[in-house]
Amino acid sequence: MHSIARLDFGNCEVYGKPGWLTVGRVYCSPRVLWINEPREVWRPGHENPLLLSFVQAQEGELRLGLPPGCYTLKLSFYDAQEEHGPFSLAVASGDGRAAMGAGEQRVILAGVTVPRGQVVTEQADVTHSGGALALRFKAAVGKTFLLNALEVLGPDDAELQMLFDDAPSDILPAPVELLATGRDDPRAALREVCEWLMAHRRADGFLGDPEGERRWWYTSAYPIRTLLAGSAIFGDDRYRVAAQEVLDLFVLDQMPEGGFPQSYQGRGALASLPAAELDALRAKTWMNLADIGSTVSALAFAIRYTAGERQARYRAAVKKYLDIWAPQFQQPSGGFTNGWLAGHNAQWIYSIATGTTALSYAFYAAATGEPGYIEVAERAAQFLVRDWHEDGRPYIWPFDWYYPGSPFYMRVRDIGEQFYILDAIAGVASVSRNAGLRREVFDALRKYLLGSQGLIATWDGAAWWSLQDTWNNSKSAATPLFLAYFLRVAPQYDLSRAELAQVEAVYAVTRRFLCTPAHARQIGVMENDPDLPWGGHSLMSWTGSLMSWTGCAVAATGFAGLALADMVQPGISYMA
């Protein structure tokens with residue numbers, strides 16, 4: 001028997017054990033996934049990286065695509081702070097698309113208890129008839145199961161298989177194949193992206209990726225910027241109107257103090273609600289800068305695309321946010337905390353909040369010419385680049401209680417967080433007249449792209465960066481935008497011809513990848529919701545569910561659109 005799968009469970013941001021696939025609540029593979037949403041937990045301090053993170057829930061079902069055969073499951077459980085169980089584990093063979101709990105099952109572990117601070121390991125043999133092997137964990141009422149790690153051993157010729165025929169492949173094309181067969185037509189690709197976004201507006205007026213009943217505003221920001229850029233490139237007013245209709249709803253969600261809830265409320269003008277209702281909303285709702293800064297930057301971006309009373313409303317809403325709400329969260333260093341978190345203020349500086357807020361100030365300055373705003377953006381951008389490592393890794397300030405619990409140098413493959421920093425520094429530098437700031441941004445991007453642990457050095461020879469979970473994959477769609485910005489400004493600085501050639505080569509491959517729909521869907525671009533009895537449009541789907549491949553499809557299409565628009569009209573995605 002040989003090792004077929006080594007799975008490390010928990011938050012995908014936690015640096016796991018090399019050679020193990022990190023599996024969290026978010027879809028990351030067409031070969032293995034949870035079909036319900038467990039909670040991800042990170043616990044610091046253990047020397048074994050497999051025991052730093054886990055998933056837990058009262059019950060959960062994990063599915064693996066495996067051929068028929070006999071397998072051995074090795075499971076590890078550990079929590080330094082809490083006891084878990086008792087819980088059981090049952091297995092069943094069936095269709096990957098079946099409803100949770102479907103089919104005949106057999107209990108292979110029962111009464112498992114994991115004492116606090118004690119490592120528990122279990123091993124079980126299973127016979128599988130083929131298709132999806134379902135692992136069904138169920139704890140007693142009021143209790144939880146947990147899972148840190150799972151290794152599957154089986155026949156020498158067995159390997160993980162695709163669970164779904166219609167899920168995008170997790171095998172990337174080789175660059176030589178892509179350059180020979182892929183499409184290099186960003187104008188056609190942008191038109192397809194804009195039309196796809198138009199077709200995916202929701203009945204309630206929202207455009208973005210919902211999760212259950214929640215409509216996350218940040219997922220609308222990048223489709224909005226794409227549609228506005230598309231309206232200018234194609235002269236198609238439908239795109240502008242569609243973007244404005246979403247932004248009109250966003251403006252209605254502004255609170256009296258200038259902030260916005262992180263998800264669409266659909267209650268009309270929130271500022272006109274009675275005081276008691278507003279207080280109740282504040283008590284249960286995040287008004288965090290990281291999420292909302294994305295959409296405020298889109299609102300500022302839209303000022304140039306509007307006129308008359310609507311432009312006045314957009315301008316007033318952005319100005320109120322930047323003058324009253326955001327400044328209270330900026331620290332002396334220039335960084336911003338994450339704002340209001342359902343009853344209390346965030347404590348730490350947060351890189352994503354700093355990035356989205358900086359871009360909002362920069363876009364407002366570019367749209368209005370009002371003094372004082374670009375200086376705030378520049379201070380924030382300088383904070384983001386000041387500690388960039390020479391080897392290419394950015395210095396990240398994580399959210400208050402997130403891994404690893406302090407600022408750290410993040411590996412460049414984790415584009416999910418880094419997108420917001422790259423988008424901010426490129427955007428601020430594009431509209432700033434501060435030559436020193438622009439040089440600092442160029443130097444940071446040079447390290448990021450060309451450093452010994454940078455984006456090009458860690459390239460694995462495929463036509464795109466290594467696929468991760470659907471959230472990270474979606475953000476990667478914008479990476480050619482940053483490559484294009486770097487190539488555009490590089491002639492002003494002391495970049496060698498060899499370095500320039502390296503970036504140009506990567507840009508040529510990734511440009512073609514993004515322009516070819518069959519490949520772009522591998523990172524969620526223009527991916528339609530699958531027909532599943534679970535997941536639906538959530539982050540478990542490959543389109544719009546956390547549990548399938550469309551978890552961030554609308555946002556991914558927006559991210560891709562920014563890069564494609566820049567290919568067609570350089571600088572348009574940054575108001576340059």
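Colleague: How much space lies in the largest pocket?
Modeller: This is a predicted model, in which local features need pLDDT of at least 70 and side-chain atom pairs count only at pLDDT 80 or more, while totals for chains, interfaces and linings use all residues. Residues are numbered from 1 along each chain as its sequence is written, and side-chain values use heavy atoms, with hydrogens and water left out. A pocket is an open set of points on a 1 Å grid over the protein atoms alone where a 1.4 Å probe fits, with protein on both sides within 12 Å along at least five of seven lines. The space in the largest pocket is about 1,300 Å³.

Colleague: Which residues lie closest to the centre of the largest pocket?
Modeller: Lining residues have an atom within 4 Å of a point. The largest pocket has 36 of them. The closest to its centre are Asn11, Arg25, Glu40, Trp286 and Tyr402.

Colleague: Which element gives the most to the lining of the largest pocket?
Modeller: Helices (H or I, at least four residues) and strands (E, at least two) are DSSP runs, numbered from the N terminus. Those giving two or more residues to this lining are β4 (39–42), β16 (286–288), α6 (289–302), α10 (415–431) and α12 (470–476). With 4 residues, the element that gives the most is β4.

Colleague: Which elements each supply at least two residues of the lining of the second largest pocket?
Modeller: The second largest pocket holds about 810 Å³ of space. Its lining has 35 residues, and Leu21, Cys28, Arg413, Leu467 and Gln468 lie nearest its centre. At least two lining residues each come from β2 (21–23) and α12.

Methods:
Grid points are joined across faces, edges and corners, and a volume is the space filled by probe spheres set on the points.
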